[in-house]
Amino acid sequence: MTDEPGSVADLIRTAAEAVIDYRAGLPHRPVAGPADRAALLAALGGPLPAGPTSPDRVIDDLVVAADPGLVATAGPRFFGFVIGGSLPAATAADILAVGWDQVAFNAISSPAASVVEEVAGGWCKQLLGIPASASVGFGTGAQSANTVGLATARHQVLAAAGWDVERDGLAGSPRVRVVASVERHATVDRSLRLLGLGNASVRPVAAGPQGAIDINDLAKVLADEPTMPTIVVLQTGNVNTGACDDLRAAIGLARTVEHSWVHVDGAFGLWAAACPQTRALTDGIELADSWCTDAHKWLNVPYDCGLVFCADPSAHVAAASYSAAYLTGAGTAGSPSDYVLESSRRARGFAVWAALRELGETGVADLVARCCALARRFADGLAAGGVEIVNDVVLNQVLADFGSDERTDAVIDAVQREGTCWLGGTTWRGRRLMRISVSNHSTTEDDIDRSVAAVLRLAAGL
Ligand SMILES: *Cc1c(COP(=O)(O)O)cnc(C)c1O
């Protein structure tokens, strides 16, 4: 190419080539190794530049300096947290979104971004079994989606009790209780703190042997204060075990109290609904009032992207929207910014739209089924090597025990240093466990077999 050095064309081609090389190398590079923070600081740090640097030099330096500190989360053998990879079309669409520099605030700031969110949001509802009439917001992740869902819940249960929380705040309001499992995701607690409900508003419900909510205990907790405005938080996809709450039974119980709102945190697990083999785990999903899920986990779009859905769009808007005289088109239901915490916002819909077009309905179902099958293969391989698998592998999560807390931590540490694959640890029910999550479209049976072999070899060498 003969682009002028430092021109936008030159820089974008350089960046694209760097991304292409990086991604081509993903299956072969160590997934992660102990990063040399001092070397990274030396390469990237120093004083604030006193004046300009030519842009081509900036990008060349960044590509070289950042590389040793990159983690191959997009690659096929990263099994930590619940990190999906990023699908080819979704990755390229996100690059377009950045290049186009669209503000997904509303239909005026970017008609294309606004329409694409409406379309992709509709496709997601169809795949996830959420009513077509529900509203959708595209935010940064499940943390922000949980916050918006719970803000809407707070609005509605207090409105039903005659209180306008948007106008009057929480000082002097009726008390609200939040009924949630002891194994809820920690982001729920942060959302409750930010919403002024406080962590003490939680009435904890026991979890069953696999980590799903205990329905009998839920009934007991709900019966305790049956007239108090009540938000019930359920979970599809326990971050440790993958267990899913019995939504139909739990939501049936929630409806027996006077004013209730049911929010489902399905950051990764909600995608079980998109696959015939796992759909039963989400039975009753359509009965909830609000839902949160991530697109950047199991749908494999690049970071960051989380979705919130509400069965009652007017409650969603009442809780989340704002208006100002100079903002044409804001504050009227249907504007994308009315459903999220952000105002100016990255156009996340393009990547979701591209992922769903690339995969189609059968492709999403295959992605979910394949990850679940590969998680079982990982578990079976470890079990055949004498490792105890602690959970029922119902979804894409595996918990493994190598004999003692100390030994399990030592194996995890050795695997993380060696670099064939990356997986993390967790403490579940008082035990240190290896936690494996299979959430990437590009992972193959060979990736699993190589990873199992590495883990067993490293464990035997301790
Ligand atoms: C990952 C996760 C979250 C938080 O998601 P972010 O996208 O990191 O904000 C919340 N709930 C569950 C069940 C999760 O797995």
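Visitor: How far is the sulfur of C124 from the closest cysteine sulfur?

Guide: General idea first: a disulfide is a covalent bond between the sulfur atoms of two cysteines. The cut-off used here is a pair of cysteine sulfur atoms within 2.5 Å. For C124, the closest cysteine sulfur belongs to C305 and sits 8.0 Å away, so that's too far for a bond. By this rule the count comes to zero disulfides. Bear in mind that this is a predicted model, where local features need pLDDT of at least 70 and side-chain atom pairs count only at pLDDT 80 or more, while totals for chains, interfaces and linings use all residues. Residues are numbered from 1 along each chain as its sequence is written, and side-chain values use heavy atoms, leaving out hydrogens and water.

Visitor: Are C124 and C305 buried or exposed?

Guide: Buried means under 20% relative accessible area, exposed means over 50%, and partly exposed is in between (1.4 Å probe, protein chains only). C124 is buried at 0%, and C305 is buried at 1%.

Visitor: Now strands. Which residues of strand 5 are buried on each side?

Guide: Helices (H or I, at least four residues) and strands (E, at least two) are DSSP runs, numbered from the N terminus. In strand 5, S260, V262 and V264 are buried on one side, and W261, H263 and D265 on the other. Six of the six residues in 260–265 are buried, so the strand is largely enclosed by the rest of the structure.

Visitor: And what does strand 5 pair with?

Guide: Two strands pair if DSSP finds at least two bridges between them. Strand 4 (residues 230–235) runs parallel to strand 5, joined by six bridges, with L234 opposite V264. Strand 6 (residues 290–294) is also parallel to strand 5, through three bridges; there, D265 has C292 as its bridge partner.

Visitor: Which residue forms a salt bridge with R431?

Guide: Side chains of opposite charge can pair when their charged atoms come close. Here the rule is a side-chain nitrogen of Lys or Arg within 4 Å of a carboxyl oxygen of Asp or Glu. R431 pairs with E388, the closest N and O atoms being 3.0 Å apart. That pair links distant parts of the chain: E388 is in strand 8 and R431 in strand 11, 43 residues apart. E388 is partly exposed at 40%, as is R431 at 28%.

Visitor: How many salt bridges does the structure hold?

Guide: It holds 25. One of them joins E225 and R177 (4.0 Å, N to O). E225 lies in the loop between helix 9 and strand 4, R177 in strand 2, 48 residues apart. R177 is buried at 0%, whereas E225 is partly exposed at 25%. There's also a network of salt bridges linking D94, D304, E342, R346 and R348.
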